[in-house]
Amino acid sequence: MLHRSTGTIFIEDNVFTLGDRDDPQSPLHIVGASPTPDTTGLLATAPGFVAVTCGVHLGDITVTTEI
């Protein structure tokens with residue numbers, strides 16, 4: 001079953017991150033941890049983590065996720 005969620009987030013420096021802070025395998029689980037992602041241009045990924053580069057430098061954006 002597909003789950004979709006839409007919301008507004010504040011973005012800084014053209015990047016926002018998504019991940020599960022409750023997953024012990026996620027780099028976001030440890031406060032202050034910096035993942036070493038695989039970079040593909042607009043996306044950087046690591047287990048349990050993704051960083052997204054976008055055109056907005058500073059401000060609110062609307063994001064929709066599907067799981």
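In which sense do β4 and β5 pair, and over how many bridges? They pair in the antiparallel sense, over 4 bridges. Pairing here requires that DSSP finds at least two bridges between two strands.

## Basis of the model

This is a predicted model: local features need pLDDT of at least 70, side-chain atom pairs count only at pLDDT 80 or more, and totals for chains, interfaces and linings use all residues. Residues are numbered from 1 along each chain as its sequence is written, and side-chain values use heavy atoms, with hydrogens and water left out.

The predictor's confidence in each residue, pLDDT, runs from 0 to 100. The protein averages 78, and 76% of the residues score at least 70. Confidence is highest in β1, at 92. It is lowest in strand β3 (residues 38–39), at a mean of 58.

## Overall fold

The protein has 0 helices and 6 strands. Both are DSSP runs, numbered from the N terminus: helices are H or I with at least four residues, strands E with at least two. Contacts are heavy atoms within 4.5 Å. Of those with a separation of 6 or more, 62% join residues 24 or more positions apart.

The accessible surface comes to about 5000 Å², and 56% of it belongs to carbon and sulfur atoms. Areas come from the Shrake-Rupley method with a 1.4 Å probe; for residues, only the protein chains shown count as cover. Of the 67 residues, 21% count as buried. Buried means under 20% relative accessible area, exposed over 50%, partly exposed in between (1.4 Å probe, protein chains only).

## Hairpin and core

β4 and β5 form a hairpin with 2 residues between them. G48 in the turn has a positive phi of about 75°. A46 stands opposite F49 in β5. A44 and A46 make up the covered face of β4 (residues 43–46), while L43 and T45 lie on the uncovered one.

The largest nonpolar core has 6 residues: I11, F16, V50, V52, I61 and V63. Such a core is a set of buried Ala, Val, Leu, Ile, Met, Phe, Trp, Tyr and Cys residues joined through side-chain atoms within 4.5 Å. β5 (49–53) and β6 each supply at least two of its residues. Beyond four places away in sequence, F16 touches I9, I11, V50, A51, V52, I61 and V63.

## Salt bridge

A search of the whole structure finds 1 salt bridge, defined as a side-chain nitrogen of Lys or Arg within 4 Å of a carboxyl oxygen of Asp or Glu. R4 pairs with E66, the closest N and O atoms being 2.4 Å apart. R4 lies in strand β1 (residues 4–12) and E66 in strand β6 (residues 58–66), 62 residues apart. R4 is exposed, at a relative accessible area of 54%; E66 is partly exposed, at 43%.
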